[in-house]
Amino acid sequence: MAIEIRKAEISDAPRMADIAFAAWDTGIRPLLDERPGQRESERARLSQAAGTNWQNTIVATIDGIVVGWCSRSERRSYIPYLFVMPDMQGHGIGASLLSRMETILELQGASKVHLETPADNVRAVRFYERQGYHILALRGEPRSGHDPFASVHLEKQLQPFAGEIGED
């Protein structure tokens, strides 16, 4: 199984939205109290996220099929989204995407990267810790709306590129 990572294209957005929803539905939704319309609302939110931030996103493909994606914030060293198809998790895809995104941030001069995940999503917290992230804070009070859970804020030190990136 050869994993390839490339820059996302706008045509990837529908597949990215499907991956995000599948990962949310199996990994995060079970942690939440059920609310009417919750699944539809989250599908719409993730679809919008995939369609509006694709320029700052990389995708992992296997045999040309997108199986995961990771995006960064446009203005800061923050990773708001990292999703892998549930049946493909545990095969190094998320680690590969995260490592590549960290390299991109380092080349842009970032010395740290931040992200957050639901506090109750122990599997995700452990994954990020294995990738070298450290817990900075726990926001214990859930917010309403799209973020109705307590979250863990994590940070990783990077080694920013200090040289010049020129053309040969």
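I will start with a strand pair: β6 and strand β7, residues 151-157, pair in the antiparallel sense over five bridges. Strands count as paired here if DSSP finds at least two bridges between them. One of the bridges joins Ala137 to His153, its partner in β7.

Before going on, some housekeeping. This is a predicted model, in which local features need pLDDT of at least 70 and side-chain atom pairs count only at pLDDT 80 or more, while totals for chains, interfaces and linings use all residues. Residues are numbered from 1 along each chain as its sequence is written, and side-chain values use heavy atoms, with hydrogens and water left out. The elements are DSSP runs numbered from the N terminus, helices being H or I of at least four residues and strands E of at least two.

Back to the sheet. It is open, has three strands in the order β5-β7-β6, and its pairing is antiparallel. Its edge strands are β5 (112-118) and β6 (134-139), each of which pairs on one side only. From one strand to the next, the twist averages 25 degrees. Helix α4, residues 122-130, lies across β5, β6 and β7, and runs at about 160 degrees to β5. For such angles, axes are lines fitted to C-alpha atoms, for helices over the stretch in contact, and the angles run from 0 to 180 degrees between N-to-C directions.

Now the chain as a whole. It has four helices and seven strands, and from the N terminus on the elements run β-α-α-β-β-β-α-β-α-β-β. Of the 168 residues, 42% are buried, where buried means under 20% relative accessible area, exposed means over 50%, and partly exposed lies in between, with a 1.4 Å probe and protein chains only. Among contacts (heavy atoms within 4.5 Å) between residues at least 6 apart in sequence, 63% join residues at least 24 apart.

Next, a helix pair. At what angle do α1 and α2 pack? Helix α1 (residues 13-27) and helix α2 (residues 38-52) pack at about 140 degrees, and their axes are 8 Å apart. That angle makes α1 oblique to α2; under 35 degrees counts as roughly parallel, over 145 as roughly antiparallel, 65 to 115 as roughly perpendicular, and the rest as oblique. On the α1 side, the residues in the contact include Met16, Phe21 and Trp24, and on the α2 side they include Arg39, Leu46 and Ala50. The residues of this contact divide into eight nonpolar, three polar and five charged. Ala, Val, Leu, Ile, Met, Phe, Trp, Tyr, Cys and Pro count as nonpolar, Asp, Glu, Lys and Arg as charged, and the others, Gly among them, as polar.

Asp12 lies in the loop between β1 (3-7) and α1. Is Asp12 buried or exposed? Asp12 is buried, because its relative accessible area is 7%. Not counting residues up to four places away in sequence, Asp12 touches Arg6, Lys7, Val59 and Val66.

Ser73 sits in the loop between β3 (65-71) and β4 (81-84). With 16% relative accessibility, Ser73 also counts as buried. Asn53 is 20 residues from Ser73 in sequence and 8.2 Å from it in space, C-alpha to C-alpha.

Asp63, in the loop between β2 (57-62) and β3, counts as exposed at 74% relative accessibility. Most residues other than glycine have a negative phi. The phi of Asp63 is positive, near 55 degrees.
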